[in-house]
Amino acid sequence: MPEPTPVPTPSTDPGVRASTVLPGATHRTLGVPGGRIHCVEQGTGPLVLLVHGFPESWYSWRHQLTALAAAGYRAVAIDVRGYGRSSAPAATDAYRMLAHVADNTAVVRALGEETATVVGHDWGSPIAANSALLRPDVFTAVALLSVPYAPRGGPRPTDGFAGIGGEEEFYVSYFQTPGRAEAEIEPDVRGWLAGFYAGLTGETLAPADHGALFFVPPGARMADRFPTGRLPGWLDERDLDFYSEEFERTGLTGALNRYRNVDRDWEDLAAWDGAPITQPSIFIGGALDASTTWMSDAIDAYPTTLPGLSAAHILQGCGHWIQQERPDEVNRLLTDWLHGVTGPR
């Protein structure tokens, strides 16, 4: 179990609560064409951009910011648009993949850099992958956590999702209608997040006979299949307070809108159908993560789809929240790989 993050010091900026400040890190808000992106920065050296997933925050990289800074890198974790203190446009289509790639590119420029290594987890993994795919001039290396790279292809995504699960509804389909998932989550944000985080953690996975968390029976809620009881070891009460306070303030619509653009992404990225990412890359996944097992074919295809891959690491006993469940191991893998990509610091 990782050591707890040191108690934060108060911020002089009233727009940043004390609980969001990582000692030794700098909070800043950057103007980008799509609005603003809040980020947290630590260290100096080659830029490493850290992109979180659902339902998370820059805070998901709290263990990596300090480790990467100590290893000689300028580590910057963003709040993805729709999260935290970044802009949350009202239009659903403002959360298409092309907008996230544009945000990442603009952040690198706003930081005064020309290039960066991009690291993504969960939804941040395909955002990082597509940033590298569409802007290889900016993103010269890419690390993918939990969700494997799978090039654009196949049928329209929502058609594919509708065809799995039988009478039960796949969670991505459940998230499609604006307001529907929000009505489940927002009355008890803290409780929902606690169950969702625990349900995808290696040590607190629900029993197999409890039913698959990713499928929703008719008339039920996702939360009906969440495990109850203790929090996983990587998540203490203060961590859960941080996440829940952020989403209680912003709501979940911005975060959920990423799922509501899967068909737009499929259309927007048609020119890159089947395209490989050729930059240096690494994949780190959890053996108990459904993303790793469902997408095992994508991992098997890496010699073709990620020809610059150094290695695909599968951490035994680990679930989905990989950089928080196994921070020391992930930090070592990332820093060793970065030293190979950028040279020793």
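The conversation below sets values from this structure against the definitions behind them.

Mentor: This is a predicted model, in which local features need pLDDT of at least 70 and side-chain atom pairs count only at pLDDT 80 or more, while totals for chains, interfaces and linings use all residues. Residues are numbered from 1 along each chain as its sequence is written, and side-chain values use heavy atoms, with hydrogens and water left out.

Trainee: Why is Leu47 called buried?

Mentor: Buried means under 20% relative accessible area, exposed over 50%, and partly exposed in between, with a 1.4 Å probe and protein chains only. Leu47 has a relative accessible area of 3%, and is therefore buried.

Trainee: Which residues is Leu47 in contact with, leaving aside its neighbours within four places in sequence?

Mentor: Contact means heavy atoms within 4.5 Å. Among the residues in contact with Leu47 are Arg74, Val76, Val108, Leu111, Ala116 and Thr117. As for Gly343, 296 residues apart from Leu47 along the chain, the two C-alpha atoms are separated by 13 Å.

Trainee: Where does Leu47 lie?

Mentor: Leu47 lies in strand S3, residues 47-51. Helices (H or I, at least four residues) and strands (E, at least two) are DSSP runs, numbered from the N terminus.

Trainee: How many bridges join S6 to S9, and how many join S9 to S10?

Mentor: Strand S6 (residues 139-145) is joined to S9 by four bridges, and S9 to strand S10 (residues 309-315) by five. Both pairings are parallel. Ala143 stands opposite Ile282 in S9, and the bridge partner of Gly286 in S10 is Leu315.

Trainee: How do you know that both faces of S9 are covered?

Mentor: In a regular strand the side chains alternate between the two faces of the sheet. In S9, Ser281, Phe283 and Gly285 on one side and Ile282, Ile284 and Gly286 on the other are all buried. S5 is likewise covered on both faces, with Ala116, Val118 and Gly120 buried on one side and Thr117, Val119 and His121 on the other.

Trainee: What covers the buried residues of H3?

Mentor: The cover includes S3, helix H2 (97-110), strand S5 (116-121) and S6. In H3, 11 of its 11 residues are buried.

Trainee: What makes a group of residues a nonpolar core?

Mentor: A nonpolar core is a set of buried Ala, Val, Leu, Ile, Met, Phe, Trp, Tyr and Cys residues joined through side-chain atoms within 4.5 Å. The largest one here has 102 residues, and those with the most contacts inside it include Phe175, Trp192, Met222 and Ile284. Beyond four places in sequence, Met222 is in contact with residues including Tyr171, Phe175, Trp192 and Phe196.

Trainee: Why is one space called a pocket and another a cavity?

Mentor: On a 1 Å grid over the protein atoms alone, a cavity is a set of points where a 1.4 Å probe fits but cannot get out, whereas a pocket is an open set with protein on both sides within 12 Å along at least five of seven lines; lining residues have an atom within 4 Å of a point. Grid points are joined across faces, edges and corners, and a volume is the space filled by probe spheres set on the points. The largest pocket holds about 1200 Å³ of space. Of its 40 lining residues, the closest to its centre are Trp123, Ala150, Phe161, Val262 and Met295. H3 gives the most to this lining, with four residues.

Trainee: How many cavities of 30 Å³ or more does a search of the whole structure find?

Mentor: The search finds one. About 50 Å³ of space lies in the largest cavity, and its lining includes His52, Phe54, Trp123, Ile127 and Arg258.

Methods
Pairing = 2+ DSSP bridges.
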